[in-house]
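I opened this entry to keep track of what I looked up, one item after another, in the structure shown here.

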Amino acid sequence: MDTATRQVTIPLRSVSWKGGQPPPDREFPFSVPAIRDFSECGFSSPVAFFVGENGSGKSTLLEAIALAANLPTVGARDLKRDETLAAQRRLAGALRLGWAKRATRGFFLRAEDFFGYVQRLAAERVELEARLGELETEYREQDRSAYALGLAQGPMRASLAEMTRRYGADLDANSHGQSFLRLFRS
């Protein structure tokens, strides 16, 4: 089947208020005009763009949708534990997500989370490489066999190889766009 005739599934069809209207809460984020005046958002294509001025509520709404969808995050903190998202959690609790078919795969990624993720990967790589060196020294000092050393280092070498296969040796060595694409392709 060619790309012109292939049917694209769009799992999330709509976002609206539970009960049909916004809660009476007028604190942030419900005080933001785009949120306060929001009624429903329908999705009819696989890509959606939220466009607006800084501070108009785009990120707030997207974060609330991610919370309502219970998406895992890529980054430094889990959405459920991120103290900066308390208001978005309240908004998420007021939203109703209309699914064509409930998605079971996916994640939520903010640009700042991506940089935290890249830093976390780099730190994990450094830790794994340091532990490989420590094991080599330890096994040599104990006069243990190369075979035993290989067994001990195997899981760390496998983790390093998988990280390199998925993301390359260093995500920071790419442009931001290239790094994002590497992450999405993995």
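I began with helix 2, working in a predicted model, and listed its buried residues as Thr60, Leu61, Glu63, Ala64, Ile65, Ala66 and Leu67. I then looked up what these buried residues pack against, and found strand 1 (12-17), helix 1 (33-36), helix 3 (86-94) and strand 3 (95-99).

Next I turned to helix 3, where the buried residues are Ala87, Gln88, Leu91, Ala92 and Ala94. I asked myself why they lie on the same side of helix 3. The reason I wrote down is that they cover an arc of only 160 degrees around the axis, which puts them on the same side of helix 3. Their packing partners are strand 1, helix 1, helix 2 and strand 3.

I then looked up the largest nonpolar core, which has 19 residues, and among these Val15, Trp17, Ile35, Ile65, Leu91 and Leu95 touch the most other members. Strand 1, helix 2, helix 3 and strand 3 are the elements that give two or more residues to this core, and helix 2 gives the most, with four residues. I followed leucine 95 separately: apart from its neighbours within four places in sequence, leucine 95 is in contact with Val15, Ser16, Trp17, Lys18, Phe38, Leu61, Ala64 and Ile65. I also recorded a second, separate core of 16 residues, which includes Tyr117, Leu149, Tyr167 and Leu171.

My next item was the largest pocket, which holds about 970 Å³ of space. It is lined by 27 residues, and the closest to its centre are Leu62, Ile65, Leu71, Phe107 and Phe108. Which helix gives the largest share of this lining? I found that it is helix 2 (residues 58-68), with six residues. Sorting the lining by type, I wrote down 18 nonpolar, four polar and five charged residues.

Last, I looked at the whole protein, which has six helices and three strands, arranged along the sequence in the pattern β-α-β-α-α-β-α-α-α. Of its 186 residues, 32% count as buried. Among the contacts with a separation of 6 or more, 69% are between residues 24 or more positions apart.

Methods: Residues are numbered from 1 along each chain as its sequence is written. This is a predicted model: local features need pLDDT of at least 70, side-chain atom pairs count only at pLDDT 80 or more; totals for chains, interfaces and linings use all residues. Side-chain values use heavy atoms; hydrogens and water are left out. On a 1 Å grid over the protein atoms alone, a cavity is a set of points where a 1.4 Å probe fits but cannot get out, and a pocket is an open set with protein on both sides within 12 Å along at least five of seven lines; lining residues have an atom within 4 Å of a point. Grid points are joined across faces, edges and corners, and a volume is the space filled by probe spheres set on the points. Ala, Val, Leu, Ile, Met, Phe, Trp, Tyr, Cys and Pro count as nonpolar, Asp, Glu, Lys and Arg as charged, and the others, Gly among them, as polar. Buried means under 20% relative accessible area, exposed over 50%, partly exposed in between (1.4 Å probe, protein chains only). Contact means heavy atoms within 4.5 Å. A nonpolar core is a set of buried Ala, Val, Leu, Ile, Met, Phe, Trp, Tyr and Cys residues joined through side-chain atoms within 4.5 Å. The arc is that of the directions from the helix axis to the C-beta atoms.
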